[in-house]
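Trainee: I would like to learn how to read a structure, feature by feature. Shall we start with the contacts of one residue?

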Amino acid sequence: MKKLFAFGMASVMALSLAACGGAASTASSTAAAPADSASSEAASAEATGKKWVVATDTVFKPFEYTDASGNFVGIDVDILAAIAEDQGFEYELKSLGWDAAIAACQSGQADAMIAGASITDERKASGWMFSDGYYDSNQTLTVPEDSDIAGFADLSGKNVAVKTGTQGASYAESLKDEYGFTITYFEDSPTMYQAVLGGQCVGCFEDTPIMKASIKDGALALKVLEDTASAPAPYGFAIFSEDSQELLDMFNKGLADIKANGKYDEILAKYLG
């Protein structure tokens, strides 16, 4: 992997805000591996001892959002916490939003980003450096429950919503000329959903697991059109400078470890069932 009206705002914001791992606050969290863990001690010897700054999105449930108690939780947050514990490094997780997270990494204000970011050749070509993939996702078209739109062919002459800079936006852009629809860009999921619920747009393109979680948890009057799914692509942890290569290497090592010891599957089961 980003950027609401009075109508439905409370429920949508509740479903779309934060990510996991027992963060101390919505804005940021820190984590360090236990000193009494043999594997963590070995990994700590490899680390520089610095506290890495990791930027993330704010409204991407179930990967990063705020729970009812105001804690920052989600799949990405838990995966990062588990890897940090396994590898013995400290980090601060900053909840910035999609565009701001990218900008922070590009300007050197953050060392890395984890925010449901799909690994693509286009992003690699523009300077993103990705970890191994940690979750495969695709994008689908979502429309109001009472919509008569059944697929792309019904979008001709109509307007759809996307989030700026996302794979959902890229997917819509790849289809718009063929199917004759226009696109309106939004900065976050809640605003995008409200544009569809309010009738400004006939549908939106969104990562499928995020859309399904949003509909379920927010009781949104929307439906996912399963036959409109894109090919799946993996999410990756990303850096934008070789100065963060050590962190990327530790992420890959830790990811392999938590997949091997079952922790990774526990995290997915916690949020996806």
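Trainee: Which residues does Asn 138 touch, not counting residues up to four places away in sequence?

Mentor: First, the ground rules. This is a predicted model, where local features need pLDDT of at least 70, side-chain atom pairs count only at pLDDT 80 or more, and totals for chains, interfaces and linings use all residues. Residues are numbered from 1 along each chain as its sequence is written, and side-chain values use heavy atoms, with hydrogens and water left out. Contact means heavy atoms within 4.5 Å. With residues up to four places away in sequence not counted, Asn 138 touches Glu 206, Asp 207, Thr 208, Pro 209, Ala 229, Ser 230, Ala 231 and Pro 232.

Trainee: Where is Asn 138 found, and with which side chain does its own side chain make a polar contact?

Mentor: A polar contact is a pair of N or O atoms within 3.5 Å; within protein, one must be able to donate a hydrogen and the other to accept it, and residues adjacent in sequence count only if both atoms are side-chain atoms. Helices (H or I, at least four residues) and strands (E, at least two) are DSSP runs, numbered from the N terminus. Asn 138 sits in the loop between β8 (135-137) and β9. Its side chain makes a polar contact with that of Thr 208, at 2.6 Å.

Trainee: What is the strand order of the open sheet?

Mentor: Two strands pair if DSSP finds at least two bridges between them. Here five strands form an open sheet with mixed pairing, in the order β11-β10-β12-β9-β13. Its edge strands, β11 (182-186) and β13 (222-225), each pair on one side only. On average, neighbouring strands are turned by 35 degrees against each other, direction ignored. β10 (159-163) and β12 (203-207) pair in the parallel sense over two bridges. Ala 161 stands opposite Cys 204 in β12.

Trainee: Which strands does helix α6 touch, and which does α8 lie across?

Mentor: Axes are lines fitted to C-alpha atoms, for helices over the stretch in contact, and angles run from 0 to 180 degrees between N-to-C directions. α6 (167-179) packs on the sheet, touching β9 (139-144), β10, β11 and β12, and its direction makes about 165 degrees with that of β11. α8 (208-218) lies across β9, β12 and β13, at about 115 degrees to β12.

Trainee: Which residues of α10 are buried, and why are they on the same side?

Mentor: Buried means under 20% relative accessible area, exposed over 50%, partly exposed in between (1.4 Å probe, protein chains only). In α10, Tyr 264, Ile 267, Leu 268 and Tyr 271 are buried. They lie on the same side of α10 because they cover an arc of only 95 degrees around the axis. That arc is taken from the directions from the helix axis to the C-beta atoms. These buried residues pack against β3, β4 (72-73), α3, β8 and α9. Just after α10, Gly 273 has a positive phi of about 80 degrees.

Trainee: Is Val 59 buried or exposed?

Mentor: Val 59 is buried, with a relative accessible area of 5%. It is in the loop between β2 and β3. Its C-alpha atom is separated by 6.9 Å from that of Asp 188, 129 residues apart along the chain.

Trainee: Where is the place of Pro 62?

Mentor: Pro 62 is also in the loop between β2 and β3 (65-66). A cis peptide bond joins Lys 61 to Pro 62, with omega about 10 degrees.
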